[in-house]
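Visitor: Could you walk me through this protein, taking one question at a time?

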Amino acid sequence: MKCPKCNSTNPTGSKFCQSCGETLPDPTTQVSSAKPGKICQTCGVSNDIKNDFCDQCGAPFAGTAPKQAPAPEPTYSRTKGPYAGVPQRKSNPAGIIIGVVAGLLVLGVGGYFAYNTLNKPANETTSVAKSSKAESSTEKESSSVASSSSETSSSSSSFDEAKVKELVANDIGGIAGDKTVYVAPMNEDTSYLLNNQTQSAASVIKLFILAAAYAQQKIGTINLDDTYTLSNADKVGGTGVIQNMPAGKTFTYRELLAYMIDESDNTAANIMIDALGGIDKVNAQIEKMGAHDTKLQRKMMDTKSLEAGRDNITSAADVGELLKKVYNHKLISKSDSAEFLDILNKNRDHDKLVRDLPTGAKVYNKTGIMQNYGILNDAAIIENEKGAFVVVVLTQNGDNNEEQAAMNKLGLDLYNTLLQ
């Protein structure tokens, strides 16, 4: 792909120029699909221009006429007797007749079924629907559900936990080092978890920084469309391309979030931590998400803190629940959830859990690696026309090649079991 700014050649699929950092055009997008919209003054969500009421909170837009309440049924007051002056509804002969007929029908049908039930043979059974698992309080509070996901009303789960446990044991259980695994369907309140423990997050911690940014935008403490000017002091090593860009280049915070995930850019991550108020503010936002095992304890490439034992940590369950909530629009708004997932979908590090999936699979993932510590992590939402599930694998103190081979196998085995 040719860079429109410096004319350098870049690998196919690149999002940013490797020479100058310019955003490369997306060859798959020819015509903008943006439609004119209007912003809700109550919750700030963008709506279709034709909407009279907000899709997100139901508030009316300016100029929307309030619905007229139906006219009350006329009443009449008694003029005689002990109830003189008490309102009395006008009698309706037709309604009385219909009510009498309906009552006779109910008595007749009820008597028929009562007779059949009392006279049913002793060996004949009746079928009773099993009660479904109760929704969590979070599920009850949210009415938005991803287009490919819906809450199940079936009495039995399609998630074969025993089979998932067997696959995880066969594919991951035998590798060296520490490992924790989380697997869950997107449309059911159930999951499988191997080794509920905290481990090094590596770059998977950037998922929580991304979620914190959208959460702070919702409450108005940051505007992701505001710009930031890069300085040489911002630049750190490791993964990412911003470190090679000139000081003075400007980005929106929204662009920095995309760099942070799709390029795993460490400089972008550190800028966003500061923009969100620092490590403590980000941790407060993470705690509000319910991710109690996750802590941001250092910036990216802060080797002194790492050597002192202050690493960024999380658990497979925290990461899996975060992705599940975003996918089902239960953590941030519907539009922010869609943008969050679109950023993950453009990530191209597919060498681990999703490497061997068929072309029909859609993937939203974020990886993390620290070779010197045997750390290899991947968190992925995997989706096709039959449904979606999330799988998170965190490994440390092992061999990266062994860990990657195990993830390749587990990702495909889970796909063939849960979505085929």
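Guide: Accessible areas here come from the Shrake-Rupley method with a 1.4 Å probe. The model is a predicted one, and on that basis the protein exposes about 23100 Å², of which carbon and sulfur atoms supply 51%.

Visitor: Which residue is the bridge partner of Y364 in β12?

Guide: β11 and β12 pair in the antiparallel sense over 9 bridges, and their hairpin has 4 residues between the strands, with G374 taking a positive phi near 65°. Within β12, the bridge partner of Y364 is I381.

Visitor: And which residue in β13 is the bridge partner of N377?

Guide: β12 also pairs with β13 (residues 387–396) in the antiparallel sense, over 9 bridges, and these two strands form a hairpin with 2 residues between them. In β13, the bridge partner of N377 is L394.

Visitor: Within what arc do the buried residues of α10 fall?

Guide: In α10, the residues D336, S337, F340, L341, I343 and L344 are buried. Seen down the axis of α10, these buried residues line one face of the helix, because they fall within an arc of 155°.

Visitor: Which elements do the buried residues of α10 pack against?

Guide: The helix α10 covers residues 334–346. Its buried residues pack against α4, α5, α9, β11 and β12.

Technical notes
Residues numbered from 1 in each chain as written. Predicted model: local features only at pLDDT ≥ 70, side-chain atom pairs only at ≥ 80, totals over all residues. Heavy atoms only, no water. Expected span 1.5 Å × (residues − 1). Buried < 20%, exposed > 50% of the residue type's maximum accessible area, 1.4 Å probe, protein only. Arc of directions from axis to C-beta. Contact = heavy atoms within 4.5 Å. Pairing = 2+ DSSP bridges.
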